[in-house]
Amino acid sequence: MNGLLLVVPSAPLLVALLILVFGQRLASRGSYLTVIGIAISLIALLLLFGAEPNLQGIWLETAGYQLTVGLHLDELSRLLALLVAGVALPISVYATEYMAEESGRSRFFCVLSFFVSAMLTLVLADSLVLLFAAWEGVGVASYLLIGFWYDRVNVRRAALKAFLITRLGDLGLFLGWLWVLQIIGTTDIATLLATVKQGSIPTDQLTLLALLFFAGAIGKSAQLPLTSWLPDAMAGPTPVSALIHSATMVAAGVYLVLRLFPLFAAAPGALTAVLWIGGATALFAAIVATQQTDLKRVLAWSTISQLGEMMLALGLGGPLAAAYHLATHAVFKSTLFLAAGAVGHVLHDTYSLKQLGGLRATMPFTALTFGVAGLALAGLPPLSGFWSEEAILRQAIATHPSAGILMLVLIFLASAYISRAGVVTFGTWNNSPNPSAADPGVQMGTAMGGLALGAISMGWLLSGRLEAQLGFTVPPEVAWSWRLIAVLAPLSGLVWGSWHALKQGSVPFLGGRLSVLERSLTAVTNSIAHLAFALANGLNKIEIGLDWLVQAIAATVLTLIGTNSAENAYGLNRIEQSLDGLVRFFGSATLALADTTDRIDNSGISEGVDRGSKLLSSVGQRLRQLQTGKLYLYTLAVFVWLVAIVIVGALIWR
């Protein structure tokens with residue numbers, strides 16, 4: 001069983017390596033290798049159904065500290081792994097047709113396979129250090145996939161923006177696992193959660209730890225204020241949007257909070273932060289979605305809002321409701337993205353709602369899949385979204401009626417913006433362009449149809465089963481009046497959105513007046529990015545200045561020594577005293593401000609961290625050179641990932 005577990009992340013990784021080495025010879029067959037690799041991972045997961053294999057080894061042990069690496073399949077990681085592989089498989093099939101005419105398709109499928117491998121490693125990791133490595137691997141792969149059309153200026157900017165903004169959040173995750181290592185002496189997740197349950201860690205430390213991990217979740221799941229990168233990332237190919245920005249990478253933040261939920265539950269202050277940020281993000285993004293005039297950006301802002309709902313559920317103490325919605329959302333949002341991609345594919349990347357309309361007559365199958373998934377997003381019974389959103393609503397009402405009212409508002413807004421987008425795209429409205437189009441081919445159609453079936457059935461398939469598997473507390477039942485309102489909210493939103501689209505076409509709700517919200521958020525996000533750049537440049541200049549100062553002092557000392565005169569002894573002594581005083585000043589300040597760091601330093605850990613930081617800095621400086629379109633430049637990243645997997649296997653089987 002342990003060997004089968006290792007196959008799950010290794011199969012797509014091996015495919016990535018094969019495409020990397022033999023990409024030119026494989027030509028279009030490389031895309032089918034990606035499908036095969038993901039299918040093998042899915043089959044391995046299905047064969048492991050009911051089992052809980054555990055692969056673990058000690059990667060590094062020094063001075064009482066253990067860096068562990070390993071994979072573990074429990075019910076939560078099984079759900080997410082099945083979700084990743086199950087959604088990635090039809091999307092990869094879809095991509096074989098969507099990317100067929102692209103000259104760089106080997107590069108695309110190589111990175112896509114690597115991304116799936118990294119994401120599967122992330123959800124299966126039983127160690128914080130391995131989770132962080134996979135977390136960063138997912139980030140690098142998403143940067144390369146978003147920037148696939150690197151010759152377009154807007155695409156390069158979108159990829160770089162996504163990479164840098166998510167890195168801001170990743171700093172919190174990095175500091176979090178380092179602090180865990182300092183507190184309990186290991187990076188093993190199970191040990192951390194057991195220590196939390198024992199109550200041996202003070203509440204204030206638990207709160208700060210949880211907030212650090214939540215910072216990583218904010219970046220990956222595009223929560224306020226690190227939000228605006230996700231809509232811009234729609235510049236990448238649609239299969240990227242469907243996979244990364246609905247079902248996998250952006251869901252990693254929610255998964256992180258789910259995985260560490262006992263830590264958050266023991267830190268009420270952190271859980272309150274999750275509640276408020278999640279609720280604010282959900283409401284903000286839903287309002288902004290009503291103002292969009294680009295089909296893919298409507299779906300992008302919808303994704304942010306839905307992720308906010310999951311965070312809201314977690315903040316309310318409802319991990320079961322959050323996991324439920326995470327599963328259903330991945331299916332119906334992937335379907336929506338693939339349907340939108342089919343529209344853009346036949347209309348030469350046209351996604352502007354002003355240029356669409358009347359496509360139901362020429363693209364009936366695409367219209368059907370979009371409609372089914374849209375109704376699931378709206379929460380209309382008995383489709384999948386209804387079941388999971390009802391679970392969040394029940395949790396909200398049980399906590400406070402105001403939270404229940406907020407959830408009803410979110411359901412209403414989601415119904416309104418998705419019906420508006422669907423009617424404008426596929427319906428006929430006043431002066432609609434009605435461009436000529438046709439349904440996509442077999443591969444794209446099969447993928448869309450398969451996911452649409454999931455959007456119909458996922459909710460009731462998981463109902464009653466998810467509670468028993470995950471072991472989370474079931475949200476209490478609510479009065480029939482709340483249930484009635486929960487059905488009327490999506491119906492009224494669908495009516496309002498459809499009526500607005502038929503009457504005013506692509507014109508945003510309220511005439512676009514609320515678009516100022518998006519511009520304001522973009523300004524805030526850009527300010528954060530500019531501040532980060534300014535700090536980086538400032539530190540670089542300080543480093544250059546210190547280098548110059550040291551060189552000048554060294555040159556002066558050497559000159560004085562070279563004269564070998566007795567008169568210079570006094571001067572040398574004064575220089576030595578000045579340098580000693582300078583060192584004592586900085587040393588005392590460092591010790592006063594970083595006592596914890598000093599203790600880690602005495603254990604020998606900081607030397608490794610410093611070297612790791614220098615390595616990360618060097619890699620970061622070269623990332624801008626990575627996206628050149630030359631396949632051989634990706635060799636190093638994939639090779640390192642392969643070596644990591646091989647080392648894990650060797651440690652376990654030795």
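This passage describes the side-chain contacts of one predicted model. Residues are numbered from 1 along each chain as its sequence is written, and side-chain values use heavy atoms, with hydrogens and water left out. Because the model is predicted, local features need pLDDT of at least 70 and side-chain atom pairs count only at pLDDT 80 or more, while totals for chains, interfaces and linings use all residues.

Side chains of opposite charge can pair when their charged atoms come close. A salt bridge is counted when a side-chain nitrogen of Lys or Arg lies within 4 Å of a carboxyl oxygen of Asp or Glu. The count by this rule is 10. One of these salt bridges joins R167 to E136, at 3.2 Å from N to O. R167 belongs to helix α6 (residues 153-184) and E136 to helix α5 (residues 128-146), so the pair ties together parts that are 31 residues apart in sequence. Helices here are DSSP runs of H or I with at least four residues, strands are runs of E with at least two, and both are numbered from the N terminus. R167 is buried, at a relative accessible area of 16%. E136 is partly exposed, at 22%. Buried means under 20% relative accessible area, exposed means over 50%, and partly exposed lies in between (1.4 Å probe, protein chains only).

A salt bridge also connects K220 and D170, at 3.5 Å from N to O. K220 lies in helix α8 (residues 203-220) and D170 in helix α6, so this pair ties together parts 50 residues apart in sequence. K220 is buried at 0% relative accessibility. D170 is buried at 3%. R297 and D232 form a further salt bridge, at 3.3 Å from N to O. This pair links distant parts of the chain: R297 is in helix α14 (residues 295-315) and D232 in helix α9 (residues 229-232), 65 residues apart. D232 is partly exposed, at 25% relative accessibility. Through shared partners, salt bridges join E136, R167, D170 and K220 into one network.

The largest nonpolar core holds 202 residues. Such a core is a set of buried Ala, Val, Leu, Ile, Met, Phe, Trp, Tyr and Cys residues joined through side-chain atoms within 4.5 Å. F115, F213 and F264 touch the most other members. Helix α15 (residues 319-346) gives the largest share of this core, 17 residues. F213 is in contact (heavy atoms within 4.5 Å) with residues including L128, W177, L260 and F264, not counting residues up to four places away in sequence.

The structure holds 13 aromatic pairs. Rings of Phe, Tyr and Trp (its six-membered ring) pair if their centres lie within 6.5 Å; planes under 30 degrees apart are stacked, over 60 edge-to-face, and the rest tilted. The ring centres of Y94 and Y98 are 5.8 Å apart and the planes meet at 20°, so this pair is stacked. Both residues lie in helix α3 (residues 75-98), 4 residues apart, about one turn of the helix. Y94 and Y98 are both buried. F284 and W301 form a tilted pair, 6.3 Å centre to centre with 55° between the planes. F284 sits in helix α13 (residues 268-289) and W301 in helix α14, 17 residues apart. Both F284 and W301 are buried. One aromatic cluster is formed by F108, F109, F148 and W149.

Charges also sit over rings, a label that requires NZ of Lys or CZ of Arg within 6 Å of the ring centre and within 35 degrees of the ring normal. The charged end of R78 sits over the ring of F49, 5.8 Å from its centre. K296 lies over the face of Y351, at 5.2 Å from the ring centre.
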